[in-house]
Amino acid sequence: MTPIDLAAAPSLVALLRGYARERAGERAFIALGEDNEEQEVLTYGELDRRARLLAARLLETAEPGDRALLIFPTCLSFAVAFFACLYAGVIAVPTVPPRIKRLRDSVLSIARDCRPRLALTIGGYADFTRAQFAEPADAERGLDVLAVDELGYDGDGAFAPDEPAPDQTAFLQYTSGSTSLPKGVIVSHANIVSNLEMMRIAFRNDAASTYVGWAPLFHDMGLIANLLEPFYAGALCVLMGPAAFAQRPWLWLQAISRYRARVSGGPNFAYDLCADRAGRILREAPLDLSCWDIAFNSAEPVRAGTLDAFARAFEPVGFRREALFPCYGMADATLLISGGPLLTLPIVKPIGKTALSRDRIEPPADPRDAFEAVACGAALEWEDIRIVEPQALAECEPGRVGEIWLSGPNVAGGYWENPVASQATFHAALAAQPGRRYLRTGDLGFIDGGQLYITGRHKDLIVIRGHNYYPQDIESIAEGAYPGLRRGSSAAFTLAGERGEELVLVQEVERVARRGIDQAEAAAAIRRAVFAEFELTVNEIVLVLPATIPKTSSGKIRRAETRRRFLAGELATLASPAALAAVAADD
């Protein structure tokens, strides 16, 4: 697919104005309810009309460049609010929705960081949002709360948005905080259009590329991959809530089948969840997944076993293995960094774990020593990806693992009012190319045959006796060592001990296993399995309640935060009062 000239690419503002003139009556967005019923529908014309009316209302209170918190569940009022901010030149700041009638600490932290002038939300959230900002700290003083769904949208309004400059800030995307405190990534209009065009080329999207998505809209995957990319391509976007997916994952596949979606995806755990429940899903309702051309999987790590299990489970209802589309991305690069070419089978490369511990890429001498690395595609159009030895600031020689560095028009300008972190992350330079700016992703990987492979996070890397170990590999072995241990819900890290680094594993148990699991047997089984696989001793094993290990909104384990909670004694272990109370509550 021929790329467009980025210098002449239309902004999201110009796109919506054009759609409103040429395709006013066509459906742009559909939001599904708890049982996949159509709860809301927005046409291009109605989205433009409401966004213009709301933009005029925003400018009665705010000025261009002011920030507005977007505090929404998955609903189409979010789309209206987001495009109204673009129209008004107000910087949108998507945030996590409230829980149990209170704003979460992350929202208050974001508010202190970006000092918003407005908070946009829905009627059901407005009163307690106002209450929590009623006596604000200095950074939050003067914040007005607007319930977007309760504003009058009568009439057409005369507001006409200005075309934004390419370098103008479109929105702030706060990072997930998997290894540090969240920071506000400054995404310009040029950044977002560049990355949307890159995705269009990689996915071969057009106006017929219907999307179904369930990722939360405050997250970069939900906002950009599931909402803005189909809009950019002129395709229908069907949204469902993340809670509906988590509770009944078959609703996701049913929506893909019903709307004949061409593109849909999520983190690795989404495919695991569906594969684990495939028997029930296939009994629940008829499915036809033959329409699904791009099943993107963007998470760290993408697991070869997950891809295979999902493909095997759903091939009987038309899913094609070649639709699997592993990719790699992060908020600092707007979203997508690499993705597998369409109709190319995902490549799984066996590497010797012993070699990998020395940052070498060598085939395993023993099949039991194999680590299956999954190719996450090639660099996108206009990008330059390098594998770098971070201390020497030089490219790694072929056959070595290093830090992934990236240069391209999708790389953001920096973090909001954080020049020190911005300089360190967004302004790296290779010794051989001092004039070119690179993003340091903090991820480790290698390139082989033009394909990018991710091996882990640099900050999460476990180093014991001079050898490197990736925590997700240790966690995967531990989770399968004993019945009742929860998959995708463990955290491995090290602490300084008298004899060097000591390995700690925090492992959730399944809800049904809280009463009956034999903790001593489970710990012994984990130790045996990890030692057999890595010749490592797990010095301490902590079994905790389900849903207590901190994760990001996309399901990534927050290992540094788990470590902090472990040291502070804040984990809900099976023997803690919190655990005993939870079990008693079920009796």
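Which residues form one aromatic cluster with Tyr19 and Tyr44? The members are Tyr19, Phe29, Tyr44, Phe72, Phe78, Phe82, Phe83, Phe171 and Phe231. Please keep in mind that this is a predicted model.

**Aromatic residues**

- The structure holds 28 aromatic pairs.
- One of them joins Tyr19 to Tyr44, with the ring centres 4.7 Å apart and an angle of 50 degrees between the planes, a tilted arrangement.
- This pair links distant parts of the chain, as Tyr19 sits in helix α1 (residues 12–22) and Tyr44 in helix α2 (residues 44–58), 25 residues apart.
- Tyr19 and Tyr44 are both buried.

**Helices α15 and α16**

- Helix α15 (residues 471–479) and helix α16 (residues 519–534) have axes that come within 8 Å and cross at roughly 135 degrees.
- That angle makes α15 oblique to α16, because only angles over 145 degrees count as roughly antiparallel.
- The crossing of α15 past α16 is right-handed.
- On the α15 side, the contact is made by Asp473, Ile474, Ile477 and Ala478.
- On the α16 side, Ile526, Ala529, Val530, Glu533 and Phe534 take part.
- Sorted by class, this contact has 7 nonpolar residues, no polar ones and 2 charged ones.

**Helices α10 and α12**

- The axes of helix α10 (residues 268–276) and helix α12 (residues 304–314) come within 9 Å, crossing at roughly 40 degrees.
- α10 and α12 are therefore oblique to each other, since an angle must be under 35 degrees to count as roughly parallel.
- α10 and α12 cross in a left-handed manner.
- From α10, the residues Asn268, Tyr271, Asp272, Cys274 and Ala275 meet Thr306, Ala309, Phe310 and Phe314 of α12.
- The residues in this contact of α10 with α12 divide into 6 nonpolar, 2 polar and 1 charged.

- Most residues other than glycine have a negative phi, so here are two residues worth a look.
- Arg115 has a phi near 50 degrees, a positive value in a residue other than glycine.
- Arg115 lies in the loop between α4 (105–114) and β5 (118–121).
- With 36% relative accessibility, Arg115 counts as partly exposed, because the buried class is for values under 20% and the exposed class for values over 50%.
- Asp359 has a positive phi too, near 65 degrees, and is likewise a residue other than glycine.
- You will find Asp359 in the loop between α13 (353–356) and β16 (370–374).
- Asp359 counts as partly exposed as well, at 21% relative accessibility, since buried means under 20%.

**Phe159 and its surroundings**

- Phe159 is found in the loop between β6 (144–147) and β7 (169–174).
- Leaving aside neighbours within four places in sequence, Phe159 is in contact with Arg52, Ala55, Ala56, Leu59, Tyr87 and Ala88.
- Phe159 and Ile281 are 122 residues apart in sequence, and 48 Å separates them in space, C-alpha to C-alpha.

Note on methods:
Residues are numbered from 1 along each chain as its sequence is written. This is a predicted model: local features need pLDDT of at least 70, side-chain atom pairs count only at pLDDT 80 or more; totals for chains, interfaces and linings use all residues. Side-chain values use heavy atoms; hydrogens and water are left out. Axes are lines fitted to C-alpha atoms, for helices over the stretch in contact, and angles run from 0 to 180 degrees between N-to-C directions. Helices (H or I, at least four residues) and strands (E, at least two) are DSSP runs, numbered from the N terminus. Angles under 35 degrees count as roughly parallel, over 145 as roughly antiparallel, 65 to 115 as roughly perpendicular and the rest as oblique. A crossing is left-handed if the near helix is turned anticlockwise from the far one by less than a right angle, and right-handed if clockwise. Contact means heavy atoms within 4.5 Å. Ala, Val, Leu, Ile, Met, Phe, Trp, Tyr, Cys and Pro count as nonpolar, Asp, Glu, Lys and Arg as charged, and the others, Gly among them, as polar. Rings of Phe, Tyr and Trp (its six-membered ring) pair if their centres lie within 6.5 Å; planes under 30 degrees apart count as stacked, over 60 as edge-to-face and the rest as tilted. Buried means under 20% relative accessible area, exposed over 50%, partly exposed in between (1.4 Å probe, protein chains only).
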